[in-house]
Amino acid sequence: MVLNIKNIYLLISLLFIISLSSGCLETPQASPAVIDDNALLAYGWSEVSIEENSLEQTVTDSTSIVLNSTTVKYHNDRLSEDISKQVSDFQESNKLPLSIPIPENLSAQIITYRLSLPSGAKLPTGLVSKIMEKKIDEIEDGSDIENLQEKTSRNLILADGTETMVKIFSASGNSTDSGMRMLGFVTAFENEDTSTIVMGLVPDGEYRIEVWPINDTLFSIDGESELDEMLELVRTIE
């Protein structure tokens, strides 16, 4: 995570006050925000990676703080297999001699990001929003999408009873010109010691192929249904 001085000014002020009263700024490791294994198995998802990072920030000449973060990435294996089967069936029915390449980013993913601060401090709401915006920008750049727009929002009850608001957005304009959209979501919540951001992305609609003499749908994805399942996975995070 990279935060500039302007973005963390309020946070540093808060932690400076804590340091004056406690004399110590120890930061616990950010435990990963993990989805329940049984839920992953039921919906055909798998964990891809876990990455831990630390950011050290100077508060005074003699005091510094460490912000720890843990990122977990998940992938929808079932959806990838379904896409491959649809493509295979299409090739067979059209008697195509060559395989049809599918962009690797046309799959569904969930990313959880948990941040731990010293002495149980909480992230200011404005800073959480800035981090969320940055994470959305990273997904937009990495997934070859544009025209990102907030579509709706809904409330979600997590496993521990926490209620969080989920913002749902849509995007279009991928470079394949297939006509397929992308749906995504982002939410943030806190517990006693950490702040957590969760986001996800899934293709939606028909992926069309226009290569003479074929002009047809190669495969289709019910993005709304997939998104509902993704939020069911998010519910299991503690």
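Colleague: What pattern does the chain follow, read along the sequence?
Modeller: In this predicted model, the chain runs α-α-β-β-α-β-α-β-β-β-β-β-α. That is five helices and eight strands. Helices (H or I, at least four residues) and strands (E, at least two) are DSSP runs, numbered from the N terminus.

Colleague: What pLDDT does the chain average?
Modeller: The average is 79, and 72% of the residues score at least 70. pLDDT is the predictor's confidence in each residue, from 0 to 100.

Colleague: Which helix has the lowest mean pLDDT, and which the highest?
Modeller: Among the elements, helix H1 (residues 5–22) is lowest at 46, and helix H2 (residues 37–43) is highest at 97. Residues 1–10 are below 50. Residues 12–24 stay under 50 too.

Colleague: New topic. How many residues does H5 have?
Modeller: Helix H5 (residues 223–235) has 13. Its first and last C-alpha are 18 Å apart, close to the expected 18 Å. The expected span is 1.5 Å times one less than the number of residues.

Colleague: Which residues are buried in H5?
Modeller: Gly223, Glu226, Leu227, Met230, Leu231, Leu233 and Val234. Buried means under 20% relative accessible area (1.4 Å probe, protein chains only).

Colleague: Where do they fall, seen down the axis?
Modeller: Within an arc of 150 degrees, so they line one face of H5. The arc uses directions from the helix axis to the C-beta atoms.

Colleague: And how much of the chain is buried?
Modeller: 42% of its 238 residues.

How values were computed. Residues numbered from 1 in each chain as written. Predicted model: local features only at pLDDT ≥ 70, side-chain atom pairs only at ≥ 80, totals over all residues. Heavy atoms only, no water. Buried < 20%, exposed > 50% of the residue type's maximum accessible area, 1.4 Å probe, protein only. Contact = heavy atoms within 4.5 Å.
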